[in-house]
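Biologist: I'm new to reading protein structures. Could you walk me through one?

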Amino acid sequence: MSYTTAQLATAVLQELGALDATETIASTDQTYITDIWAAKWEELSGHGMELTYFSYDDIPNPVFLTIRDLVVNEVRGAYGSPLSAAEKEQQETIILRKLRRHVQTQASKKPVRAEYF
């Protein structure tokens with residue numbers, strides 16, 4: 001199962017306590033959060049990071065909560081719970097560590113037969 005950016009925006013506001021489970025998200029809030037996610041996705045998939053193997057608007061289930069926490073960290077100041085720059089950076093480091101662990105590939109340490117053409 002995968003999630004859309006609209007579902008991500010709703011989950012972000014619910015995590016921040018700015019939206020009840022029965023409420024629907026306002027279009028301005030949804031646009032703001034999806035714009036923040038778009039910028040963050042570009043940063044994560046840019047040269048040097050390459051932490052995304054999925055498209056911007058099709059977030060896979062295994063990384064959805066990590067992405068939600070990453071976006072919450074970015075927008076929490078706009079919704080009444082700001083962090084200092086040092087705290088925000090520390091939180092982002094912890095969240096990105098989870099994402100790196102998920103996309104990390106490890107060697108199997110099994111021999112591979114070479115084929116020469």
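Predicted model: local features only at pLDDT ≥ 70, side-chain atom pairs only at ≥ 80, totals over all residues.

Biologist: Let's start with helix 3. How many residues does helix 3 have, and what span does it reach?

Modeller: The general idea first: an α-helix has 3.6 residues a turn, so residues three or four places apart point the same way. Now the case here. Helix 3 covers residues 61-75, which is 15 residues. From its first C-alpha to its last it reaches 21 Å, close to the 21 Å expected at 1.5 Å a residue.

Biologist: Which residues of helix 3 are buried?

Modeller: They are V63, F64, T66, I67, R68, L70, V71, V72, N73 and V75. The elements that cover them include strand 1 (2-3), helix 1 (5-16), helix 2 (27-45), strand 2 (59-60) and helix 4 (85-103).

Biologist: Can we zoom in on one of those? Is N73 buried or exposed?

Modeller: N73, found in helix 3, counts as buried because its relative accessibility is 3%, and the cut-off for buried is under 20%. Leaving aside neighbours within four places in sequence, N73 is in contact with L83, K88, Q91, E92 and I95.

Biologist: And for contrast, where is H102 placed?

Modeller: H102 sits in helix 4. Its relative accessibility is 36%, so H102 counts as partly exposed. With neighbours within four places in sequence set aside, H102 touches Y53, P62 and V63. Take V63 from that list: H102 and V63 are 39 residues apart in sequence, but 7.7 Å apart in space, C-alpha to C-alpha.

Biologist: OK, now packing. At what angle do helix 2 and helix 3 pack?

Modeller: For two helices, you look at the angle between them and at how far apart their axes are. Helix 2 and helix 3 pack at about 115 degrees, with axes 10 Å apart. The two helices are therefore roughly perpendicular to each other. Their crossing is right-handed.

Biologist: Which residues meet where helix 2 and helix 3 pack?

Modeller: On the helix 2 side you have Y32, I33, I36, W37, K40 and L44. On the helix 3 side they meet I67, L70, V71, E74 and V75.

Biologist: Last topic: rings. How many aromatic pairs does the count come to?

Modeller: A pair of aromatic rings is described by the distance of the centres and the angle of the planes. Here the count comes to five aromatic pairs. One of them is Y32 with Y79, a tilted pair with 6.3 Å centre to centre and 55 degrees between the planes. Y32 lies in helix 2 and Y79 in the loop between helix 3 and helix 4, so this pair ties together parts that are 47 residues apart in sequence. Y32 is partly exposed, at 33% relative accessible area, and Y79 is partly exposed too, at 23%.

Biologist: What about W41 and Y56: what angle do their planes make?

Modeller: Their planes are at 70 degrees and their ring centres 6.5 Å apart, so the pair is edge-to-face. This pair also links distant parts of the chain, with W41 in helix 2 and Y56 in the loop between helix 2 and strand 2, 15 residues apart. W41 counts as buried at 17% relative accessibility, whereas Y56 is partly exposed at 26%.

Biologist: Which residues do ring pairs link into a cluster?

Modeller: W37, W41 and Y56.

Definitions and conventions: Residues numbered from 1 in each chain as written. Heavy atoms only, no water. Helix = DSSP H or I, 4+ residues; strand = E, 2+ residues; numbered from the N terminus. Expected span 1.5 Å × (residues − 1). Buried < 20%, exposed > 50% of the residue type's maximum accessible area, 1.4 Å probe, protein only. Contact = heavy atoms within 4.5 Å. Phe/Tyr/Trp six-rings, centres within 6.5 Å; stacked < 30°, edge-to-face > 60°. Axes fitted to C-alpha atoms, helices over the stretch in contact; angles between N-to-C directions. Parallel < 35°, antiparallel > 145°, perpendicular 65-115°, else oblique. Left-handed = near helix turned anticlockwise from the far one by under 90°.
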